[in-house]
Amino acid sequence: MTPLVHGAVWGVVIATVLVTVAVFSIWFERKFAARMQTRYGPTLVGPAGLLQIVADALKMMQKEDILPQKADPMLFRLAPPCAVIFTLAAAAVIPFDEDVLAADLDIGVLFLLAVGGLVVFPVWVAGWASNNKYALLGAMRAVAQGIAYEIPLVLSAMVPVVLAQSMRLSDIISVQAETHWFVFWPLGPGLIAFVIFFICSLAEANRIPFDIPEAESELVAGVTTEYAGMRFGLLQMAEYLHTLIASAVAAAIFFGGWDGPFASGLHWMVLKTLVLFFMIFWIRWSLVRFRSDQLMALCWKYLLPLSLVLVMLSALFVYVRAMDA
Amino acid sequence: MPRRVTEVDPHLDIETYDPSADLMVLNLGPQHPSTHGVFRVKLYLDGEIIVKAVPYAGYLHRGVEKLCEELTFVQIIPVVDKNDYVSPMMNEQAIVMACEAMLEIEVPRRALYLRTIFAELQRVASHLLWLGTFGMDLGGALGGGASLFMYCFRERETILGLFEEVTGCRFHYNTHAVGGNRHDITPKFCRDTKTTIEVIAKRIEEYIQIFSSNRIYRDRTQGVGVLDGDLAVSLGITGPLARASGVDHDLRRDAPYHIYGELDVNVFTESAGDCLARTLVRLQEMCESIRIVREIIDSVPEGPILGIKPGKSPTHIKIESSQRYTCIESPRGELGTYLIGGGSNRGASAYRLKIRSPSLHAVSCIPYVFPGHTVSDAIAILGTLDPIMGEVDR
């Protein structure tokens with residue numbers, strides 16, 4: 001099998017599985033949130049309400065496709081699919097097992113961060129094209145937040161890159177399999193970098209406590225105010241996909257990816273991804289949101305300097321180790 | 001480009017301030033998730049900073065005061081229930097107390113105890129609902145705020161269950177009558193109340209913990225929306241809002257009614273006047289209300305609950321053409337009733353009935369407090385003002 005065919009086949013499989021997991025994670029999240037809040041969650045459609053999400057998707061598809069009169073029609077229609085495509089593209093380089101991946105790029109991490117950073121654009125475009133004040137305010141916040149958090153995100157992802165001395169994701173995982181997972185790296189640069197990475201991923205994906213662009217109590221629904229039906233559904237799905245992929249990336253570069261005893265690599269990778277994904281839900285249903293200026297202060301005053309120091313420390317560590325050897 | 005807001009001028013002339021119309025005008029409401037009903041605030045935004053805020057009330061006006069001139073005193077009690085629809089019993093008490101004061105009816109002591117217990121339970125229920133919706137304002141309907149909301153509603157449900165046991169209604173009770181109460185409490189109610197308030201007391205401790213230990217809650221409320229004590233007094237703001245700004249005033253202590261004169265009501269004040277202070281004052285008030293209920297629930301005297309001969313006709317209560325102002329401490333502040341008797345139905349209706357609602361005064365501070373804050377803060381401030389639109393517009 002040529003690499004191209006191999007990549008194409010796995011790409012389709014991974015994308016399909018990710019979308020399915022993202023969709024059904026909504027069911028899981030609703031159940032989980034309901035248990036936290038002494039409720040039951042969906043119970044009526046299908047066993048334990050499992051088909052609720054199918055019913056919701058069908059409902060969304062049947063909804064009238066509303067295009068606001070003063071909206072920019074092309075941009076308005078372009079934004080939701082772009083959001084999903086850009087998000088999903090990042091999944092291409094994530095290795096779920098030694099050969100379960102679409103493309104093993106030698107600049108994997110760079111590709112991941114570059115494509116992931118593109119997601120700010122559809123959100124901004126959605127807010128701008130809606131021609132709605134709430135959507136515009138939401139988009140404004142989304143851009144400020146997306147750009148600010150991109151920097152510590154990239155820097156914290158650099159820590160595993162520096163420690164593994166490779167940008168190829170499979171190399172990063174192999175190094176972890178041979179030594180420690182980066183999150184357990186001695187003296188804790190990996191752990192702190194993981195925490196920063198995780199916080200920034202939440203901010204990038206607009207999840208609570210950083211869901212400021214959406215902020216339904218302030219901005220009605222933020223950038224998605226004017227969207228209805230499946231376009232709204234796509235924007236929502238992009239958010240869930242983003243969170244899921246961020247969890248997968250964190251599992252790969254900090255938690256040793258497919259490395260683990262007893263079970264095969266794929267099981268471990270899926271397990272780690274889902275645990276991190278679950279953590280995001282947990283955080284979401286426990287905290288309230290920041291204000292946008294507090295969010296910026298957190299980024300520029302704490303996360304950015306800290307991540308810079310971490311990158312330098314890990315570089316120093318690698319340098320000293322090279323000197324010793 | 002307009003300059004930054006440095007000092008708050010509620011009557012800022014936008015046309016001279018911003019001649020080139022660079023400011024964004026945002027109509028917050030009347031249909032908006034966080035305006036607690038139908039309320040509109042016109043915001044002039046510089047980026048996200050509010051330069052000027054103009055509140056518009058009246059979207060929920062139902063002509064209750066006019067209705068009270070047509071219906072008799074017996075008939076208006078279920079109508080005024082719907083004014084402050086978060087603490088309906090307070091409205092009833094305000095009206096029946098006004099009538100009793102004018103007719104100089106002596107209310108039996110058992111009824112007074114009942115009214116005190118109901119009022120304090122209602123205060124806890126009302127503050128719980130406020131806390132839940134405030135969580136939603138801070139954290140949104142799809143997140144931790146919703147969790148707080150659900151927890152508060154869990155507790156509030158138990159209180160509504162207690163009321164249901166007595167009156168048959170979970171809300172809009174129509175349980176107070178001129179001269180006393182319609183429904184009597186049972187020993188089972190006393191037992192249930194005692195267990196319920198113990199559970200709630202424990203949970204309130206947890207909520208106090210949230211606001212004292214959770215960084216995000218603190219950051220979102222501390223120093224936000226500072227309301228000056230003098231301003232609060234000059235705007236007629238009362239209740240927890242004024243107490244959070246250092247105004248030591250509580251009608252339960254300062255002008256006692258029911259049996260509050262025999263009780264030791266502790267009044268909590270904070271000096272900061274910000275959202276956090278308002279939150280803490282309300283949380284402490286809940287603890288105090290629970291303490292009061294705990295103190296008197298076992299000592300309710302036996303006896304009748306209605307001080308007058310019950311009448312069959314809705315016109316059996318007639319008031320001469322005199323006037324009187326009475327007021328009680330509702331969960332939102334001074335709920336006053338200015339009543340002029342001798343109206344239609346041969347004196348069985350009011351000539352004029354003016355309800356002084358604390359929420360109307362609370363929202364009047366918006367032009368003073370909003371400017372200089374972001375939209376996010378505005379929502380948090382509006383949340384802590386705890387306006388009930390039914391009461392603002394009547």
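In the predicted model, helix α6(A) packs against helix α8(A) through two sets of residues in contact, where contact means C-beta atoms, placed from the backbone, within 7 Å. A:Gln145, A:Gly146, A:Tyr149, A:Pro152, A:Leu153, A:Ser156, A:Ala157, A:Val159 and A:Pro160 form the α6(A) side. They meet A:Pro189, A:Gly190, A:Ala193, A:Ile196, A:Phe197, A:Cys200, A:Ser201, A:Ala203 and A:Glu204 of α8(A). By class, these residues are twelve nonpolar, five polar and one charged. Nonpolar covers Ala, Val, Leu, Ile, Met, Phe, Trp, Tyr, Cys and Pro; charged covers Asp, Glu, Lys and Arg; the others, Gly among them, are polar.

Helix α6 spans residues 133–164 of chain A and α8 spans residues 189–204. Helices (H or I, at least four residues) and strands (E, at least two) are DSSP runs, numbered from the N terminus. The two axes come within 8 Å and cross at roughly 150°. Axes are lines fitted to C-alpha atoms, for helices over the stretch in contact, with angles from 0 to 180 degrees between N-to-C directions. The helices are therefore roughly antiparallel, the term for angles over 145 degrees. Their crossing is left-handed, that is, the near helix is turned anticlockwise from the far one by less than a right angle.

This is a predicted model, in which local features need pLDDT of at least 70, side-chain atom pairs count only at pLDDT 80 or more, and totals for chains, interfaces and linings use all residues. Residues are numbered from 1 along each chain as its sequence is written, and chains are lettered from A and ligands numbered from 1 in the order in which they are written.

Between the chains, 25 residues of chain A are in contact with 30 residues of chain B. On the chain A side, α6, α9 (216–219) and α12 (292–324) each supply at least two residues. That side holds ten nonpolar, six polar and nine charged residues.

Chain B contains an open sheet of three strands, ordered β1-β2-β3, with antiparallel pairing. Pairing requires at least two DSSP bridges between strands. β1 (24–28) and β3 (49–56) are the edge strands, each with a single partner, so one side of each has no neighbour in the sheet. Seven bridges join β2 (residues 40–46) to β3(B). B:Tyr44 stands opposite B:Lys52, and B:Asp46 opposite B:Ile49. β2(B) and β3(B) form a hairpin with two residues between them. In the turn, B:Gly47 has a positive phi of about 70°.

Methods
Parallel < 35°, antiparallel > 145°, perpendicular 65-115°, else oblique.
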